Amino acid sequence: SSGINAEWPLRPGSQLSLNQDSIDTYIPVEVEDFKELQRRIVLKLKKYREDDGFHGFVKGLAQELVEDMSSEQIKKISNHLVNISHEKSRLEREEKKKQQTTKKSQLNVSKNTMKNKDYMDDMVDDDYDEYDDSYDFM
């Protein structure tokens with residue numbers, strides 16, 4: 001990573017990136033500029049999504065970001081997150097249902113295969129005659 005060492009406000013050993021997508025060098029001026037800042041922040045943080053502390057980090061970050069907002073502003077953000085959650089749940093249910101349908105169709109194929117094969121040997125017309133003494137083992 002290209003960058004210069006920075007002792008403060010970053011922890012020792014951290015690097016301050018001078019790349020074009022850096023959030024460190026971007027200062028939003030207009031309302032539209034916050035969309036670009038959002039893009040840069042998401043770009044920077046996406047790589048940490050699988051880390052153990054990420055969910056707690058997002059929760060704490062959100063709490064700190066909204067602490068000075070009015071309850072009405074927080075409610076609007078909360079409603080937006082709830083809508084995202086509902087949409088995610090719907091998509092997950094559809095995916096689960098799709099997987100179950102695929103499993104069922106695979107099971108049905110197996111059942112049909114069993115029906116088509118003659119596993120009931122007693123029903124097969126063969127040379128065995130239950131009254132024929134030549135098969136008597138005694």
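Predicted model: local features only at pLDDT ≥ 70, side-chain atom pairs only at ≥ 80, totals over all residues.
**View 1. Salt bridge between Glu36 and Arg40 in helix α1.** The closest N and O atoms of the two side chains are 2.9 Å apart; a salt bridge here is a side-chain nitrogen of Lys or Arg within 4 Å of a carboxyl oxygen of Asp or Glu. Helices are DSSP runs (H or I, at least four residues), numbered from the N terminus. Glu36 is partly exposed at 22% relative accessible area, whereas Arg40 is buried at 10% (buried: under 20%; exposed: over 50%; partly exposed: in between; 1.4 Å probe, protein chains only).

**View 2. Salt bridge between Glu87 and Arg90 in helix α3.** The closest N and O atoms lie 2.4 Å apart. Both residues belong to helix α3 (residues 71-116), with a spacing of three residues, about one turn of the helix. Glu87 has a relative accessible area of 36% and is partly exposed; Arg90, at 31%, is also partly exposed.

**View 3. Salt bridge between Arg90 and Glu94 in helix α3.** Here the closest N and O atoms are 2.5 Å apart, and the residues are four apart, about one turn of the helix. Glu94 is partly exposed, at 43% relative accessible area.

**Notes.** Residues are numbered from 1 along each chain as its sequence is written, and side-chain values use heavy atoms, without hydrogens and water. Local features need pLDDT of at least 70 and side-chain atom pairs count only at pLDDT 80 or more, while totals for chains, interfaces and linings use all residues.

Methods:
Helix = DSSP H or I, 4+ residues; strand = E, 2+ residues; numbered from the N terminus.
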